[in-house]
2 protein chains.
Amino acid sequence: MRTRPLKVALLGCGVVGSEVARIMTTHADDLAARIGAPVELAGVAVRRPSRVRAGIDPALVTTDATALVKRGDIDVVVEVIGGIEPARALITTAFEHGASVVSANKALLAQDGAALHAAANQACKDLYYEAAVAGAIPLIRPLRESLAGDKINRVMGIVNGTTNFILDKMDTTGAGYQEALDEATALGYAEADPTADVEGFDAAAKAAILAGIAFHSRVRLDDVYREGMTEVTAADFASAKNMGCTIKLLAICERAADGGSVTARVHPAMIPLTHPLASVRGAYNAVFVESDAAGQLMFYGPGAGGAPTASAVLGDLVAVCRNRLAGATGPGESAYAALPVSPMGEVVTRYHISLDVADKPGVLAQVATVFAEHGVSIDTVRQQGKDGEASLVVVTHRASDASLTGTVEALRNLDTVRGVASIMRVEGE
Amino acid sequence: MRTRPLKVALLGCGVVGSEVARIMTTHADDLAARIGAPVELAGVAVRRPSRVRAGIDPALVTTDATALVKRGDIDVVVEVIGGIEPARALITTAFEHGASVVSANKALLAQDGAALHAAANQACKDLYYEAAVAGAIPLIRPLRESLAGDKINRVMGIVNGTTNFILDKMDTTGAGYQEALDEATALGYAEADPTADVEGFDAAAKAAILAGIAFHSRVRLDDVYREGMTEVTAADFASAKNMGCTIKLLAICERAADGGSVTARVHPAMIPLTHPLASVRGAYNAVFVESDAAGQLMFYGPGAGGAPTASAVLGDLVAVCRNRLAGATGPGESAYAALPVSPMGEVVTRYHISLDVADKPGVLAQVATVFAEHGVSIDTVRQQGKDGEASLVVVTHRASDASLTGTVEALRNLDTVRGVASIMRVEGE
């Protein structure tokens, strides 16, 4: 075993960074044995150096992250700052100064992954980011290595623990959205400003990363259709139960039936209770992968948290260190297929639509005609009337999102339709 | 991209081999793009050359596997023959002649993994075997790479699809073992001689491989305690239901509480219905992994079959080809921890024991005394009496297997105990 240590610069020492530092110290012997050389924490860049950091030599702490990545003797930069800048500049500088990079930065990778990969490639260095999607769950490596000989057709997952906690709470207790969100906040599962989670931005970034890897194409955050889950109601859960379903916020990346394009989207959806994703509880994550040869696979585990994310970071750190010792690099970006990303209108799925309608004869016929005119075939209709008002629940066969949107617009123009109470996609059947 | 192809020798062209060959042909362009060079099927060694093999050039087919691996121009040997010999000799010869090896051979790796790894290491070549455990499920790579920075404490899985199909059938239909086995055989899930599956030999080989990787130690097939599932009865399933459990054949690899040793075992066990493994249906496999930092992870998918196994083989093939182009090798055997394997007696778990006893006063006191004398603490007892006969169902707290064995021997010597109807371990709580 080599005795000269590999030097690691840690950018960020919050929940994840401090766990990375802790494990590097407490498991130093194991890491050395697995890598073939010791690893040494050579510097820790933080914003607030005055904060006490248990177990970290204060002499290693600096506020000058740029100087740290420019030192020239750093083998691996571990970036757990998050956000776009200064993370992007620091990673680029790290490559220019000979370091490989391990990052947990989903936002940056979703927005600028191609440029970062290009920088890594030009410098002949590694860019690993297992921790960017679904925390501790090994997902990036299985997709880009284990399934490298297969053709992936769909990746569908629960990739945000906060929203899964909220939806699970609504499902199991009958709570409304706000009540469930309040509990998630009180328990630390939701941040004070939960927008990134509940509006689906976090999941959309992960969908972009997963789609790019799965389809060997470039998919950016802007390519991902996104709907949050703030409008999911207790009534939607009641409707879902009627269908033998529950509701999850799903990230869905699909290859079009003709293979010539892909789609990526995040939205709440009904899935059958028999689907493996339906039983993913609390803040857990799980990703379901369908491929030609392997069939259906699922990866399940904690999607966030300091220690789980650190596990993913350290797995990457070991791999990147091994590569450096071997004078090699791992698999880089694979975007050769260059499949275009189709707009949401081309997505084909099923829909569950609740309408408030006038309780009089002929309404169903009118509504059914609108569906037919837009080429959306109806699977089932359930009608409930009371005091001159009625509700109509329509579940469609598979149709394009564009056809459905046209249908709903036309329905809103019917005199007899008082309102569209909810539209929910039905997946995983 | 390099234009000179990498040459692949395929040993075996049965269910898995023919799928490997088919995908290599139909997905040649994708594989080339992902590897960075074309791959060419350079030879196929079979036992019966006369059998028609769709899509394989007859000129490539040979019965002389040894000559094929000795050719000297072969980059990668894909071994899907199975069994110990001639697979072992062919793999060793392949390394000696400069090839890397992808194998799906669980029996060989469980029995002789250390020697094969040593041969690969000496030749500076890769030995990959994702397909040896749990078919298409990415498991070897996540354990030895993604979790390389973590400390794995337990691997518990359903790693045999045949027995899971049988047990699932017994659970859902109330069928007995033989009836469920007959159906598995009729549907092609069980072989004509099902011994390797139902007696747990197949699962034990996988347990040895998983334990070795998870604990960075050498664990051989002989180190794995093994009980088959042929004696599981409909009555056991009824008992399990009473406990809120089902019964699965589990492979369990554990690090001892003091960290100084490991155990590996295969046996039927009750697990709570709320455990993620409980809902693994039919012939699917799933492996639950617990580690210090990542927490609880699960990997789920088809554990056997031509196409799923081929997916795993081809993922390895892509990785090994990339390594060859880079002049590097992937991670080899990691056995530095060299933890000893403790005997089954040292395993600590809970037990569900059904006794047939005389229906008279004092029996429970006698039985309870025997448990106490052996240091096995009782959690619950259920007593049912009828016509002078009675049954006593005892569920213990955690105890060592040795203590339990001693308890059962002493119980058999009690006059009032007519027989021990069943002993089943309770896991996953």
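Is B:V78 buried or exposed? B:V78 is buried, with a relative accessible area of 0%. Buried means under 20% relative accessible area, exposed means over 50%, and partly exposed lies in between (1.4 Å probe, protein chains only).

Before moving on, note that this is a predicted model: local features need pLDDT of at least 70, side-chain atom pairs count only at pLDDT 80 or more, and totals for chains, interfaces and linings use all residues. Residues are numbered from 1 along each chain as its sequence is written, chains are lettered from A and ligands numbered from 1 in the order in which they are written, and side-chain values use heavy atoms, with hydrogens and water left out.

**Stop one: B:V78**

Select residues 76–79 of chain B. This is strand β4, and B:V78 lies in it. Helices (H or I, at least four residues) and strands (E, at least two) are DSSP runs, numbered from the N terminus. Now show the contacts of B:V78, leaving aside neighbours within four places in sequence: B:V8, B:A9, B:L10, B:L11, B:V102, B:V313 and B:L317. Contact means heavy atoms within 4.5 Å. Then pick B:V376. It is 298 residues from B:V78 in sequence and 50 Å away in space, C-alpha to C-alpha.

**Stop two: strand β10 of chain B**

Select residues 262–272 of chain B. This is β10(B), and 11 of its 11 residues are buried. Colour B:V262, B:A264, B:V266, B:P268, B:M270 and B:P272, which point one way. B:T263, B:R265, B:H267, B:A269 and B:I271 point the other way. In a regular strand the side chains alternate between the two faces of the sheet.

Two strands pair if DSSP finds at least two bridges between them.

- β9(B), residues 245–255, pairs with β10(B) in the antiparallel sense over 11 bridges. B:I252 has B:R265 as its bridge partner. Six residues lie between the two strands of this hairpin, and B:G259 in the turn has a positive phi of about 80°.
- β8(B), residues 225–226, pairs with β10(B) in the parallel sense over two bridges. B:R226 stands opposite B:V266.
- β17(B), residues 417–426, pairs with β10(B) in the parallel sense over two bridges. Here B:V426 is the bridge partner of B:M270.

**Stop three: two helices of chain A**

Select α7(A), residues 161–173, and α11(A), residues 234–242; their axes come within 10 Å and cross at roughly 70°. On the α7(A) side, find A:L167, A:M170 and A:D171 in the contact. On the α11(A) side, find A:A234, A:F237 and A:K241. Axes are lines fitted to C-alpha atoms, for helices over the stretch in contact, and angles run from 0 to 180 degrees between N-to-C directions.
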